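Subject: Structure handover

Hello,

Here is the structure you asked about, with its sequence. My notes follow below.

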Amino acid sequence: MSLRIGDTAPNFQAETSIGKIDFYEFLGDSWGVLFSHPADYTPVCTTELGRTAALKGEFEKRNVKVLALSVDSAESHRGWIHDINETQNTTVDFPIIADEDKKIANMYDMIHPNASETLTVRSLFIISPDKKVKLMLTYPASTGRNFNEVLRVIDSLQLTADYSVATPADWQQGDDVIIANSIKTEDIPARFPKGHKVIKPYLRTTPQPNK
C-alpha cells in the first residue's frame with residue numbers, strides 16, 4: 001500500500017550519519033521533512049543537500065526538522081558530507097538515513113521500478129507534529145527540487161492548520177488568502193477583522209490573518 005496525504009507516517013528506527021535514531025522521537029513535537037536521494041556522491045543530490053543545510057535557519061524558524069535518505073551506508077554518507085560541505089560552502093548537520101536494505105524506501109514507496117529497481121526517486125514528505133503526511137512531492141532523478149517551494153508549502157500548511165483559510169495559486173507570505181467555504185459570509189467580520197472581499201459567493205478573500 002502506498003502512502004497518501006492524511007495517512008499516518010510510518011515510524012522506523014535507522015542508522016544515520018549522526019547515529020541511530022527513532023523517527024518519531026527525532027521529530028518530537030516538530031514538523032518534519034523526509035526526502036530521499038537516488039545515491040550518495042551524485043551531483044544533483046550534492047546540491048540539494050547543500051541547499052537544505054543552507055536553509056537551516058528557515059527550517060528552524062518554522063519548527064521543522066529535516067532528514068534525508070538514500071540506500072547507501074552511514075559510512076558512505078559521512079564521507080559524502082565532507083564533499084557537500086566543501087563544494088556547497090555549508091555544514092550538513094541533519095541526519096542522512098542509511099537504508100541499505102531499502103526497508104524505509106519501500107515503506108514510503110520511494111522506489112519506482114519503471115524508473116529504477118534499485119535507487120530511490122526524489123520523494124519528499126512533509127509530516128505534521130501529529131505524524132500525518134501533509135504533502136508528497138516526487139521528482140525524477142534528473143531534476144533537483146525547489147526548496148523555496150518546500151518552504152512555501154510549509155508556510156501554507158502551518159497557516160491553514162491554524163485558521164479556516166486556504167492559499168491561492170502562487171501564494172507567498174503576506175498575500176491575501178481564501179476564506180473557507182464552511183464559514184458563512186455573515187460570520188466573516190467576527191472571524192477575520194482585517195476585512196474581506198467577496199469576489200464570488202464561493203470566493204472570498206482576506207488579508208493573511210497571522211501577519
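At its relative accessibility, is E60 buried or exposed? With 52% relative accessibility, E60 counts as exposed, where buried means under 20% relative accessible area, exposed over 50% and partly exposed in between (1.4 Å probe, protein chains only).

Before the rest, the conventions. This is a predicted model, in which local features need pLDDT of at least 70, side-chain atom pairs count only at pLDDT 80 or more, and totals for chains, interfaces and linings use all residues. Residues are numbered from 1 along each chain as its sequence is written, and side-chain values use heavy atoms, with hydrogens and water left out.

Salt bridges

A search of the whole structure finds eight salt bridges, each being a side-chain nitrogen of Lys or Arg within 4 Å of a carboxyl oxygen of Asp or Glu. E60 is a partner in one of them: its side chain meets that of K56, at 4.0 Å from N to O. Both residues lie in helix α3 (residues 56-61), four residues apart, about one turn of the helix. Helices (H or I, at least four residues) and strands (E, at least two) are DSSP runs, numbered from the N terminus. K56 counts as partly exposed, at 37% relative accessibility.

Helix α3 also holds K61 and E58, three residues apart, again about one turn. Their closest N and O atoms are 3.2 Å apart in a salt bridge. K61 is exposed at 61% relative accessibility, whereas E58 is partly exposed at 27%. Through salt bridges that share partners, E58, K61, R62 and D155 are joined into one network.

The salt bridge between E48 and R122 has its closest N and O atoms 3.0 Å apart. This pair links distant parts of the chain, with E48 in helix α2 and R122 in strand β6, 74 residues apart. Both E48 and R122 are buried.

Nonpolar cores

A nonpolar core is here a set of buried Ala, Val, Leu, Ile, Met, Phe, Trp, Tyr and Cys residues joined through side-chain atoms within 4.5 Å. The largest one has 26 residues, of which V33, F35, F59, F94 and I126 touch the most other members. At least two residues of this core come from each of β3 (31-36), α2 (43-54), β4 (64-70), α4 (74-88), β6 (122-127) and α6 (147-162). Helix α6 supplies the largest share, six residues. Another core, of 20 residues, lies apart from it and includes L3, F12, F26 and I127.

F35 has contacts (heavy atoms within 4.5 Å) with residues including L49, V66, L69, F94, L124 and F147, not counting residues up to four places away in sequence.

R152 in helix α6

Helix α6 also contains R152, which counts as buried at 18% relative accessibility. A polar atom of the R152 side chain lies 2.9 Å from the backbone oxygen of W171. Leaving out residues up to four places away in sequence, R152 touches P168, D170, W171 and Q172.

Positive phi

Two non-glycine residues to check are K102 and D109. K102 has a phi of about 65° and lies in the loop between β5 (96-98) and α5 (103-107); K102 is partly exposed, with a relative accessible area of 23%. D109 has a phi of about 55° and is found in the loop between α5 and β6. At 35% relative accessibility, D109 is also partly exposed.

Regards

Technical notes. Polar contact = N/O pair within 3.5 Å; in protein donor to acceptor, adjacent residues only side chain to side chain.
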